[in-house]
Amino acid sequence: FSHTHLSGTGISDYGDVLLMPTVGEAFLKALNNGSPDKGYASRFQHRFEHASPGYYSVRLDDDDVFVELTATARAALHRYSFPATDEANIIVDLTHRDEVLDSGLRVTGANTIVGWRRSKGWAKNQIVYFAIEFSHPIISYGIAVDDKLVPNLREARGRNVKAFFRFNTKRVQQVLVRVGISAVDTNGALLNLAAELNHKSFETVKAEAAAEWNSELNKIPVSGGT
């Protein structure tokens, strides 16, 4: 589940800052069909998938995780319903999609991280800064550079940076992930996160997103016919 998308132009682009919830051992490589390597992926069924303006949900069958997403103009709110476990993971993959020119990630607190990603696709020098806040404290984490975990690393920079963050969901199964993005800097991402989400509930953000769509669509008058 990434945070920028471009479609309808004949070519896809962006796909910045991918998150993926998993359970158990954390694998930091995306799983390709036919590959013998283990990686993050999950089967799902379209009958358990739902999309409407400002909302998306799907059940990930392999790890029994229910995913819900909503968004504002410059921030996203993920709600992951995990099983009761002390091995709930959220993967952060900064290499997904376009060619990465540079990227970085830094753990800034008990439940916060910031970073950036500069990539080359249809846009030749596209940069996105991000700030992420988890509703649960991080109980452990690992940061990998060039697909190798580096012990005791709180900050990394390079063209292939990934990480996992582990949470205990035995008592509270739902983990909220608040993500702010900016084209300016990480402070801008933090400001967008505070201004647009400001600890609103998932239901409130979802309702506001749907209302925003309706406000735009209501500019179109339709008459005649049945």
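In this predicted model, the second largest pocket is lined by Gly-54, Ala-71, Thr-72, Ala-73, Glu-196, Lys-200, Val-205, Glu-208, Ala-209, Glu-212 and Trp-213. The space within the second largest pocket amounts to about 320 Å³. Helix α2, which covers residues 202-217, gives the most to this lining, with five residues. Sorted by class, the lining of the second largest pocket holds five nonpolar, two polar and four charged residues.

The largest pocket has a volume of about 390 Å³. Its lining comprises 19 residues, and those nearest the centre of the pocket are Ser-2, His-3, His-5, Ala-71 and Ala-76. Ala-71 also belongs to the lining of the second largest pocket. Four strands, β5 (55-60), β6 (65-71), β7 (75-81) and β16 (174-182), each supply at least two residues of the lining of the largest pocket. Of the contributing elements, β7 gives the most, with four residues. Eleven nonpolar residues, seven polar residues and one charged residue make up the lining of the largest pocket.

**Overall architecture**

The protein has two helices and 16 strands. For a chain of 226 residues, a compact globule would have a radius of gyration near 17 Å, and the value of 18 Å for the protein agrees with this. The C-alpha trace spans about 65 × 40 × 40 Å along its principal axes. Buried residues account for 43% of the 226 residues. The accessible surface of the protein is about 12200 Å², and carbon and sulfur atoms contribute 51% of that surface. Among contacts with a separation of 6 or more, 58% are between residues 24 or more positions apart.

**Selected residues in strands**

Two of the strands that line the largest pocket, β6 and β7, are represented here by Val-65 and Ala-75. Val-65 is found in strand β6. Val-65 counts as buried because its relative accessibility is 0%. Leaving out residues up to four places away in sequence, Val-65 touches Pro-21, Val-23, Val-58, Arg-59, Leu-60, Tyr-80, Ser-81, Phe-82 and Pro-83. Of these partners, Val-58, Arg-59 and Leu-60 fall within the range of β5 (55-60), while Tyr-80 and Ser-81 fall within that of β7 (75-81). Val-65 and Gln-173 are 108 residues apart along the chain, and their C-alpha atoms are separated by 9.8 Å.

Ala-75 is found in strand β7. Its relative accessibility is 6%, and Ala-75 therefore counts as buried. Beyond its neighbours within four places in sequence, Ala-75 is in contact with Val-179, Gly-180, Asn-192, Glu-196 and Leu-197. Val-179 and Gly-180 lie within the residue range of β16 (174-182), and Glu-196 is one of the residues that line the second largest pocket. Ala-75 and Lys-170 are 95 residues apart in sequence, with a C-alpha to C-alpha distance of 28 Å.

Gly-115 lies in strand β10, which covers residues 112-120. With a relative accessible area of 3%, Gly-115 is buried. Not counting residues up to four places away in sequence, Gly-115 touches Gly-104, Leu-105, Val-128, Tyr-129, Phe-130 and Thr-186. Gly-104 and Leu-105 fall within the range of β9 (99-107). Val-128, one of the contact partners of Gly-115, is 13 residues from Gly-115 along the chain, and the two C-alpha atoms are separated by 8.6 Å.

| Residue pair | Separation along the chain | C-alpha to C-alpha distance |
|---|---|---|
| Val-65 and Gln-173 | 108 residues | 9.8 Å |
| Ala-75 and Lys-170 | 95 residues | 28 Å |
| Gly-115 and Val-128 | 13 residues | 8.6 Å |

**Positive phi angles in loops**

Val-17 has a phi near 55°, a positive value in a residue other than glycine. Val-17 is found in the loop between β2 (13-14) and β3 (18-23). With 1% relative accessibility, Val-17 counts as buried.

Arg-97 likewise has a positive phi, near 80°, and is a residue other than glycine. Its position is in the loop between β8 (88-93) and β9 (99-107). The relative accessible area of Arg-97 is 44%, so this residue is partly exposed. That value falls between the limits of 20% for buried and 50% for exposed residues.

Technical notes: Residues are numbered from 1 along each chain as its sequence is written. This is a predicted model: local features need pLDDT of at least 70, side-chain atom pairs count only at pLDDT 80 or more; totals for chains, interfaces and linings use all residues. Side-chain values use heavy atoms; hydrogens and water are left out. On a 1 Å grid over the protein atoms alone, a cavity is a set of points where a 1.4 Å probe fits but cannot get out, and a pocket is an open set with protein on both sides within 12 Å along at least five of seven lines; lining residues have an atom within 4 Å of a point. Grid points are joined across faces, edges and corners, and a volume is the space filled by probe spheres set on the points. Ala, Val, Leu, Ile, Met, Phe, Trp, Tyr, Cys and Pro count as nonpolar, Asp, Glu, Lys and Arg as charged, and the others, Gly among them, as polar. The radius of gyration is taken over C-alpha atoms; the globule rule is 2.2 Å times the number of residues to the power 0.38. Buried means under 20% relative accessible area, exposed over 50%, partly exposed in between (1.4 Å probe, protein chains only). Contact means heavy atoms within 4.5 Å. Accessible areas come from the Shrake-Rupley method with a 1.4 Å probe; for residues, only the protein chains shown count as cover.
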